[in-house]
Amino acid sequence: MVVNRFIRIVFTAPFIISMVPVAIWTSDLLENVVAAGIFSDAPSYIIVTLFTLILFLFDDFSRFLLHLASHKVKWLWQFHKVHHSALVLTPITVYRIHPIESFLYATRMALAQGCAVGLSFVLFGTRLHAADILGANVFVFVFNMMGANLRHSHIWLSWGPRFEKWFISPAQHQIHHSQDRQYHDTNFGSALAIWDRMFSCWTAAPSVKPLIRFGIKEGWHKRSAFALYWLPITENLKRFQDRRHSK
């Protein structure tokens, strides 16, 4: 955690794009189609609710897409394997992430929030205000209060198939960390399960036995912290060189 924070501040932070220019570009693009503030006369509570919801949906869907790509795109998977190499899950496993993947998620957040703000500006004008609790989006806060921190743990908390069709339970995310490939490529969602159902990669927790072996089979859990920083990079360089030689 300490080394990753240092790397982010010193090396990656200067290259992370800002949300503001993305928002301006999005609003300028949309204003070529519709006038800004077309619903600016709506009651404040409606604007706050819709803006908060738009931010939440853009963030959650973009997070799902990047997570899905991290499993399906081979060079991204090399970095994401650092997170999945943990055999024991604890709430701080969420910080077990390669700096390059962390950079991608920070860029994703700027793009998602920028597009959400740009769209909302065109819809509601300058009356934008999001509902938050302790600085967190109210929808994210409520989801976290439902036990989201138990996603990275050995506490099997399932919400039942009906509720899990809409929201990812801690047990569903634990299934995602399974060594078993049939479960390993399911439940990519962060908060909402609707994206997994749309992409046919959803699994309900009650359909799986709670005795799950976590991690990956490549033995990365035996590597040093230093090796986990460099191994994804060397593996990708090797793959790139092999592809060049094959041509």
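Start on the outside: select Tyr-45, Ile-46, Leu-50, Leu-53 and Phe-139, which make up a nonpolar patch on the surface with about 420 Å² of accessible area together. Helix 3 is the biggest giver here, supplying four residues to the patch. Before going further, keep in mind that this is a predicted model. The average pLDDT over the protein is 87, and 96% of the residues score at least 70.

Now zoom in on Leu-50, one of the patch residues. Leu-50 lies in helix 3, and it counts as partly exposed because its relative accessible area is 34%, which falls between the cut-offs of 20% and 50%.

Next, click on Thr-52, also in helix 3, which spans residues 44-72. Is Thr-52 buried or exposed? With a relative accessibility of 2%, Thr-52 is buried. Show what surrounds Thr-52: setting aside neighbours within four places in sequence, its contacts are His-129, Ala-130, Ala-131, Asn-137, Val-138 and Phe-139. You've met Phe-139 already, as a member of the surface patch.

Time to go inside. Select Phe-56, Phe-64, Leu-68, Phe-143, Ala-148, Trp-159, Phe-188, Ala-191, Leu-192, Trp-195 and Cys-201: these 11 residues are the largest nonpolar core. Helix 3 turns up again, giving the most to this core with three residues. Apart from that core there's another one, of 10 residues, including Ala-42, Ile-54, Ala-116 and Leu-123. Stay with Phe-64 for a moment: beyond residues up to four places away in sequence, it touches Phe-188, Gly-189, Trp-195, Asp-196, Phe-199 and Cys-201.

Slide along to helix 4, residues 74-84. Nine of its 11 residues are buried, so helix 4 is largely enclosed by the rest of the structure. To see the buried ones, select Leu-76, Trp-77, Gln-78, Phe-79, His-80, Lys-81, Val-82, His-83 and His-84.

Now for some charges. How many salt bridges does the structure hold? There are four. Pick Arg-108 and Asp-59, whose side chains meet in a salt bridge at 3.1 Å, N to O. This pair ties together distant parts of the chain, with Arg-108 in helix 5 and Asp-59 in helix 3, 49 residues apart. Both Arg-108 and Asp-59 are buried.

Then select Asp-185, which has two partners to show you. Lys-72 forms a salt bridge with Asp-185, with 3.9 Å between the closest N and O atoms. Here too distant parts of the chain are linked: Lys-72 is in helix 3, while Asp-185 is in the loop between helix 9 (181-184) and helix 10, 113 residues apart. Arg-181 bridges to Asp-185 as well, its closest N and O atoms being 2.7 Å apart. Elsewhere, salt bridges with shared partners join Asp-59, Arg-63 and Arg-108 into one network.

Two last stops. Ala-106 sits in helix 5 (residues 99-124) and is buried, at 8% relative accessibility. Ala-106 touches Arg-8 and Ile-16, leaving out residues up to four places away in sequence. Finish at Leu-211, in the loop between helix 10 and helix 11 (225-246). Leu-211 is exposed, at 83% relative accessibility. Draw a distance from its C-alpha atom to that of Ser-178, 33 residues apart along the chain, and you'll find 9.7 Å.

Methods:
Residues numbered from 1 in each chain as written. Predicted model: local features only at pLDDT ≥ 70, side-chain atom pairs only at ≥ 80, totals over all residues. Heavy atoms only, no water. Helix = DSSP H or I, 4+ residues; strand = E, 2+ residues; numbered from the N terminus. Buried < 20%, exposed > 50% of the residue type's maximum accessible area, 1.4 Å probe, protein only. Contact = heavy atoms within 4.5 Å. pLDDT = per-residue confidence, 0-100. Patch = residues over 30% accessible without salt bridge, like charges linked within 9 Å, V, L, I, M, F, W, Y side chains within 5 Å. Areas by Shrake-Rupley, 256 points an atom, 1.4 Å probe, with all protein chains shown as cover. Core = buried A, V, L, I, M, F, W, Y, C linked by side-chain atoms within 4.5 Å.
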